[in-house]
Amino acid sequence: MADTFRTLTLGDTPPAFSLPAIDGKTYSLNDFSDAKALVIFFTCNHCPYVIGSNEETRKTADKFKAHGVQFVGINSNSVNTKPEDSFEHMVTHMQEHNYPWVYLHDESQDVAFAYGALRTPHFYIFDESRKLVYTGRGIDTPRDSSKMTVNDLDNALTELVNGQPISVPLTNPIGCNVKWEGRDAHWMPAEACDLV
């Protein structure tokens, strides 16, 4: 891993990628070029914050599908740190839950590094011109969605599809840190622990 870690900032364009998915295909950024908006989020199988909020993410993905919004989940966690985040477990996880997003595996962690992914989950919304218009958390209580008071992801997408400026474009992601290969399980880059 390079010495400098940078999280994408508002107005940035999404770094390119080519990653295998649990459906047996390989997807690149260009495969989603028809989407009116693109939600790329870093996620995994094991994290309690992901597990606790996946159903809210499902609702949001389903709600905005008719508006041409595509969701893409990327698992970048080190299998050596968290064996349950292996590709095989990704396949099983999706078979059990049938989430409405493409689920990609970033084994090298190059994509997570390019985006500056901090936690699972960490969401990035790109508009039709592929400019970053929102980044951060999905909901304010991802470990227990029953206590949710704010759904920042839904709010941002609602404003986006209605042609309105995003009122809260930046929040801190809430969740487990990305499990970086060769690092302590709880390591995060000091210069990028918070976005706001």
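**Close-up views of cavities, pocket, rings and cysteines**

About 40 Å³ of space lies in the second largest cavity of this predicted model, and the views below take up this cavity together with other local features.

**View 1. The second largest cavity and its lining.** The residues that line the second largest cavity are Thr43, Cys44, Asn54, His93, Tyr99, Trp101 and Tyr103. Sorted by class, this lining comprises 4 nonpolar and 3 polar residues, with no charged residues. Two of the lining residues, Tyr99 and Trp101, are both buried, and Cys44, also part of the lining, is buried with a relative accessible area of 1%.

View 2. The structure holds 2 cavities of 30 Å³ or more, and the largest cavity has a volume of about 70 Å³. Its lining is made up of 13 residues, of which Ser53, Thr57, Phe123, Gly138 and Ile139 are the closest to the centre of the cavity. Helix H1, which spans residues 48-65, gives the most to this lining, with 4 residues. By class, the lining of the largest cavity divides into 6 nonpolar, 5 polar and 2 charged residues.

**View 3. The largest pocket, with residues from H1 and S4.** The volume of the largest pocket is about 200 Å³. Among the 13 residues that line the pocket, those closest to its centre are Lys65, Val69, Gln70, Phe71 and Pro100. Helix H1 and strand S4 each supply at least two residues of this lining, which by class holds 6 nonpolar, 3 polar and 4 charged residues.

View 4. The structure holds 11 aromatic pairs, and one of them is formed by Phe41 and Phe71, an edge-to-face arrangement with 6.2 Å centre to centre and 70° between the planes. Because Phe41 lies in strand S3 (residues 37-43) and Phe71 in strand S4 (residues 69-75), this pair ties together parts that are 30 residues apart in sequence. Phe41 and Phe71 are both buried. The pair formed by Tyr99 and Trp101 counts as stacked, because the ring centres are 4.7 Å apart and the planes lie at 10°; Tyr99 and Trp101 are likewise both buried. Ring pairs join Phe41, Phe71, Tyr99, Trp101 and Phe123 into a cluster, and of these residues Phe123 is also among those closest to the centre of the largest cavity, whereas Phe71 is among those closest to the centre of the largest pocket.

**View 5. Cys44 and Cys47, without a disulfide.** The count of disulfides in the model comes to 0. Cys44 is in no disulfide, and the nearest cysteine sulfur, that of Cys47, is 4.9 Å away, while a disulfide would call for sulfur atoms within 2.5 Å. Cys44 is buried, with a relative accessible area of 1%, and Cys47 is buried as well, with a relative accessible area of 0%.

**View 6. Thr141 in the loop between strand S8 and helix H4.** Thr141 is found in the loop that runs between strand S8 (132-136) and helix H4 (152-161). When its neighbours within four places in sequence are left aside, Thr141 is in contact with Lys147 and Met148. The C-alpha atoms of Thr141 and Asn151, which are 10 residues apart along the chain, are separated by 9.0 Å.

Technical notes
Residues numbered from 1 in each chain as written. Predicted model: local features only at pLDDT ≥ 70, side-chain atom pairs only at ≥ 80, totals over all residues. Heavy atoms only, no water. 1 Å grid on protein atoms, 1.4 Å probe; cavity = no way out; pocket = protein on both sides within 12 Å on 5 of 7 lines; lining within 4 Å. Points joined across faces, edges and corners; volume = space filled by probe spheres on them. Nonpolar A, V, L, I, M, F, W, Y, C, P; charged D, E, K, R; others polar. Contact = heavy atoms within 4.5 Å. Buried < 20%, exposed > 50% of the residue type's maximum accessible area, 1.4 Å probe, protein only. Phe/Tyr/Trp six-rings, centres within 6.5 Å; stacked < 30°, edge-to-face > 60°.
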